[in-house]
Amino acid sequence: TCFDYYGRPIPTFACQVTGHGYSVDAGHALAYNPLPDPRGGLAITYDHGDKCGDGTPRKTYLTMRCDLDAGVGYPEPMARTEDPACNYHFQWFSQHACPLCLESDVVTVKTKCSGGKRTVIEEYKSGVVCHGGRVLAPSRSEQCPNDIGAPIGAIIGVAAAFAIIAIIAIVLWRYNRRLKYRYNLLRDQNEDARLSDLTRTAMQDDEDEGPAPDTQSAVPPPPSAPEPE
């Protein structure tokens, strides 16, 4: 907290300590803009501070730069002199200047199966620099689906094959049985038709020949015996 000449706290974001031990407002109106690379940090401006001797309001520039290894970090002056007058430039390397991690920044990696199990690991995608937000889940172990699914899949496949073969066999048996029934029916019908034709032909032949001759009248009488003299 900064205190003014009368020992009162100054409601500001930046202050300058004078050689007399009290502080002046170096900018209490905040504005910020992303850097050319938004994932690299942002630029903050503190404006409308106390006026300098020439009437120019004090102004502070703070460049926040993303650095995961810096931790919280702290601001450092970029120059020891005011350029221009009553303008102060600082930069701050901090992990909090990095963008928040998003769900789209995370990828799930699964290790090779060993002993029927594998490890599932979450990690950030290559090239992603972020902090906070979407936190990586702790690694976990899971059963390999192939070790369980392969035998079951094989059993199901064999059972399905047998079922298909059985269905085909039943269909073919019923089809052959139906064909045999139709064949026997046609054979019996053809046999009856053939017998009927033979009978009809024989009857027609009898009608064409007419009535049979009388064998008794056709036979001449035997010659009479000569009378004795």
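I began with Leu30, which sits in strand β3, residues 29-34 (strands are DSSP runs of E, at least two residues, numbered from the N terminus). The model is predicted: local features need pLDDT of at least 70, side-chain atom pairs count only at pLDDT 80 or more, and totals for chains, interfaces and linings use all residues. Residues are numbered from 1 along each chain as its sequence is written, and side-chain values use heavy atoms, with hydrogens and water left out.

Leu30 is partly exposed at 42% relative accessible area (buried is under 20%, exposed over 50%, partly exposed in between; 1.4 Å probe, protein chains only).

Then I looked up the sheet. Five strands form an open, mixed sheet in the order β3-β4-β5-β7-β6 (two strands pair if DSSP finds at least two bridges between them). β3 and β6 (75-77) are the edges, each with a single partner strand, so one side of each has no neighbour in the sheet. I checked β5 (residues 59-66) against β7 (residues 87-94): they run parallel, joined by eight bridges. Lys59 has Asn87 in β7 as its bridge partner.

Last, the disulfides. I find five (cysteine sulfur atoms within 2.5 Å). Cys66 and Cys98 are joined, S to S 1.8 Å. Their S-S torsion is about 95°, so this disulfide is right-handed. Cys98 is buried at 7% relative accessible area. Cys113 and Cys144 are also bonded, with sulfur atoms 2.0 Å apart. Here the torsion is about -125°, so the link is left-handed. Cys113 is in the loop between β8 and β9, Cys144 in the loop between β10 and α1 (145-209), so the pair ties parts 31 residues apart in sequence (helices are DSSP runs of H or I, at least four residues). Cys113 is partly exposed at 41%, while Cys144 is buried at 0%.
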